[in-house]
Amino acid sequence: MGKGATVLLWWVVLVIMWCAVGGVLGHLEGGGEERQESEGGEHELFLMHDSKQMVKTDAGEMRVVRSAAGRSIVEKPMQIGFITMEPKSLFVPQYLDSSLILFIRRGEAKVGSIYNDELVEKQLKIGDLYTIPAGSAFYLVNTGEGQRLHIICSIDMSESLKMDTFQSFFLGGGTHPTSILTGFAPETLSTAFNISMSELEEIMTRQEGGPIIYIKDSQQPSTWAKFLEMKTQDKVKHLKRIMGFDVETEQKHGTWWSWRKLLNSVIGNENKKQPVEPTEPYNLYDRKPDFKNSYGWSIALDESDYSALADSGVGIYSVNLTAGSMMAPHLNPTATEIGIVLKGSGTVKVVFPNGTSAMDAKVREGDVFWVPRYFPFCQIASRTGPFEFFGFTTSARRNRPQFLAGANSLLKSMRGSEFAMAFGVSKDKYDHMVNSQREAVILPSPDVSPPDERKKETGTETERVLKLIKGFGNDVMMGF
């Protein structure tokens with residue numbers, strides 16, 4: 001190859017690299033021109049499609065959904081977990097390097113956890129919320145008669161070991177799952193438990209059903225089935241023995257660390273503040289809606305409503321829209337929002353800071369989406385039925401969403417000649433735009449609004465309103 005051809009080739013490579021870098025930077029800056037299109041042509045930038053199966057057995061499974069690579073939730077490293085358990089099944093005792101907030105979507109459950117060296121068991125039903133701090137040992141039992149248990153949980157990895165996802169430490173196990181005890185030499189465990197090597201081998205190799213197992217066996221009860229039938233004080237002693245505690249020596253001489261200190265020492269959180277009282281469940285559906293009208297309702301839960309959220313730093317919300325209705329365009333000034341569709345279908349629209357569309361995606365039951373803090377967005381129910389979604393926010397403080405349309409909108413509160421001039425129209429025309437919508441927060445679509453309140457607009461009037469909105473995006477946003 002000649003010198004001239006070599007130089008030309010290098011120029012071609014440099015141009016390609018420059019274009020690639022420029023395209024990536026343009027996308028990250030929110031230009032919105034380069035979009036990832038789904039088969040239906042929908043932009044799905046903030047849909048969480050990255051799903052990973054963490055546990056799978058005959059008795060149940062757990063999978064985790066997270067944001068796509070490079071689109072992390074900045075304020076809090078959070079993932080969403082989905083746990084499914086068959087009737088009469090057990091998620092074996094373990095602790096995590098991450099904090100959980102459990103939400104019982106369907107079924108009934110019993111959760112056992114350790115607080116201040118005491119075992120606390122709580123019965124949970126549909127709509128219940130329950131928090132489990134990082135490093136706290138716990139187990140789950142499906143107590144519903146003939147009913148599958150469905151749990152949605154937030155997984156806060158702020159205190160985690162900073163791996164790709166959360167890390168489980170199984171307290172009991174055998175060949176599957178593997179107990180954390182198997183990392184010690186058999187001689188060490190034999191001495192620690194004060195049992196023979198043969199007895200140790202029988203215990204440490206018996207479990208092979210996986211992390212989620214059936215607790216009843218028609219032929220022979222499992223080890224964990226026997227555990228669940230113990231009295232509370234016996235369960236605590238059993239859990240301590242699993243970790244190598246000599247209970248009688250501990251009570252007599254006080255030479256062993258407490259259960260919690262031992263767990264904290266494993267993940268390096270010994271000096272972290274821990275809850276001093278057991279967490280009580282909080283039922284989301286027992287609470288009256290914070291807002292309700294003919295087109296839907298919404299609930300927002302913060303640390304002032306449920307004190308356990310103060311330790312987690314996570315908020316909860318739930319929204320139900322009637323067919324065709326819309327959660328008015330708004331923004332969250334204090335937190336990023338993660339939503340899980342519980343029922344029905346709809347559309348989620350998100351806007352970049354520069355006024356271009358960031359996402360316009362159709363979602364249905366089981367989909368997970370997230371909206372960055374400050375980004376304007378709205379949700380619209382399909383005309384086929386109600387649209388219900390539930391989710392978490394990255395702050396436990398009270399969220400005060402700023403609405404951009406509706407009777408309580410920011411634009412209406414700040415109406416004046418300044419805004420009219422920003423649009424380049426008279427104050428009368430601006431007032432007409434912000435005063436025409438009589439509903440607030442949850443708005444009707446034209447097809448579901450009452451006939452006597454529906455305004456007939458000519459094509460010219462509609463075009464004029466659209467022009468005003470477009471001008472708002474270009475002028476007021478100042479070209480971000």
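**Exercise 1. Strand pairing around S11**

Determine how S4 and S11 run relative to each other in this predicted model, and how many bridges join S4 to S11.

*Solution.* 
Step 1. The strands S4 and S11 run antiparallel, and eight bridges join them. In this pairing, Ile80 stands opposite Ser154 of S11.
Step 2. S11 also pairs with S6, again in the antiparallel sense, over seven bridges. Here Ile101 stands opposite Ser154 in S11.
Step 3. Strand S11 covers residues 149-156, and seven of its eight residues are buried, so the strand is largely enclosed by the rest of the structure.

**Exercise 2. Nonpolar cores**

Identify which residues of the largest nonpolar core touch the most other members, and list what Ile316 is in contact with beyond four places in sequence.

*Solution.* 
Step 1. The largest nonpolar core holds 55 residues. Those touching the most other members are Ile80, Leu129, Ile152, Ile316, Val350, Phe390 and Phe392.
Step 2. With neighbours within four places left aside, Ile316 is in contact with Ile101, Leu129, Leu284, Ile299, Ala300, Leu301, Leu309, Phe390, Gly391, Phe392 and Thr393.
Step 3. Another core, of 40 residues, lies apart from the largest one; among its members are Val120, Ile151, Phe166 and Leu171.

**Exercise 3. Aromatic pairs**

*Solution.* 
Step 1. Phe103 lies in strand S6 (residues 99-106) and Phe390 in strand S24 (residues 387-393), so the pair ties together parts that are 287 residues apart in sequence.
Step 2. Phe103 is buried at 0% relative accessibility, and Phe390 is buried with a relative accessible area of 0%.
Step 3. Tyr282 and Tyr306 form a tilted pair, with 5.3 Å centre to centre and 35° between the planes. Tyr282 lies in strand S14 (residues 282-283), whereas Tyr306 lies in the loop between strand S16 (296-301) and helix H8 (308-312), so this pair ties together parts that are 24 residues apart in sequence. Tyr306 is buried, with a relative accessible area of 6%.
Step 4. One aromatic cluster is formed by Phe46, Phe352, Trp370 and Phe375. A charged group is also placed over a ring: Arg63 lies over the face of Phe82, at 4.6 Å from the ring centre.

**Exercise 4. Confidence**

State the mean pLDDT of the protein, and find how many contacts beyond four places in sequence the model has for residues 12-42.

*Solution.* 
Step 1. The mean pLDDT is 76, and 69% of the residues reach 70 or more.
Step 2. Over residues 12-42 the pLDDT stays under 50, and the model has 24 contacts for this stretch beyond four places in sequence.
Step 3. Residues 243-276 also have pLDDT below 50; beyond near neighbours in sequence, this stretch has 64 contacts in the model.

Notes. Residues numbered from 1 in each chain as written. Predicted model: local features only at pLDDT ≥ 70, side-chain atom pairs only at ≥ 80, totals over all residues. Heavy atoms only, no water. Helix = DSSP H or I, 4+ residues; strand = E, 2+ residues; numbered from the N terminus. Buried < 20%, exposed > 50% of the residue type's maximum accessible area, 1.4 Å probe, protein only. Phe/Tyr/Trp six-rings, centres within 6.5 Å; stacked < 30°, edge-to-face > 60°. Lys NZ or Arg CZ within 6 Å of the ring centre and 35° of its normal. pLDDT = per-residue confidence, 0-100. Contact = heavy atoms within 4.5 Å. Core = buried A, V, L, I, M, F, W, Y, C linked by side-chain atoms within 4.5 Å. Pairing = 2+ DSSP bridges.
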